[in-house]
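User: Please take a close look at the aromatic pairs in this structure, and then at one helix and its surroundings. I would like one connected explanation.

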Amino acid sequence: MLVFCMIILVFFAIIGLCAFITAILDIAYKGDSSAVLVIKDLKPDNAEARIRTAARICLKHTHIRLVCLCKEDDPAYDICCYLKKEYPFLEIQHELTV
């Protein structure tokens with residue numbers, strides 16, 4: 001039983017050490033690279049969840065722009081406008097129909 005407990009202790013110690021090293025590297029890395037996270041094909045039933053998930057990613061990682069592509073007459077456009085008040089870094093661009 002003692003050996004089993006020691007194996008579990010070592011296992012979780014390794015996981016904790018990896019998480020600690022990852023957190024230190026995230027703090028130390030301040031890259032100048034920027035990325036764009038584009039959300040398209042928004043449906044009214046899942047638009048808020050998708051935007052909030054993407055916004056959480058943008059808040060966690062720096063230098064990421066969040067862009068929503070939707071039509072102005074689409075019901076999801078109203079949701080985007082509402083969430084833009086909460087997330088000022090959210091950009092709404094009109095989707096062009098071809």
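Analyst: Two rings of Phe, Tyr or Trp count as a pair if their centres lie within 6.5 Å; planes under 30 degrees apart make the pair stacked, planes over 60 make it edge-to-face, and the rest are tilted. By this rule, the structure, which is a predicted model, holds two aromatic pairs.

Phe11 is partly exposed, at a relative accessible area of 49%. Phe12 has a relative accessibility of 52% and therefore counts as exposed, since the cut-off for exposed is over 50%.

Tyr87 and Phe89 form a tilted pair, with 5.9 Å from centre to centre and 55° between the planes. Tyr87 is buried, its relative accessible area being 11%. Phe89, at 27%, is partly exposed.

Now the helix. Helix H3 covers residues 75–86, and its buried residues are Ala76, Tyr77, Cys80 and Leu83. They lie on the same side of H3, because the arc they cover around the axis is only 125°. What do these buried residues of H3 pack against? Their partners are helix H2 (47–60), strand S2 (64–70) and strand S3 (90–94). The face of H3 turned away from the buried side carries Asp78, Tyr82 and Lys85, which are exposed.

Terms used. Residues numbered from 1 in each chain as written. Predicted model: local features only at pLDDT ≥ 70, side-chain atom pairs only at ≥ 80, totals over all residues. Heavy atoms only, no water. Buried < 20%, exposed > 50% of the residue type's maximum accessible area, 1.4 Å probe, protein only. Helix = DSSP H or I, 4+ residues; strand = E, 2+ residues; numbered from the N terminus. Arc of directions from axis to C-beta. Contact = heavy atoms within 4.5 Å. Phe/Tyr/Trp six-rings, centres within 6.5 Å; stacked < 30°, edge-to-face > 60°.
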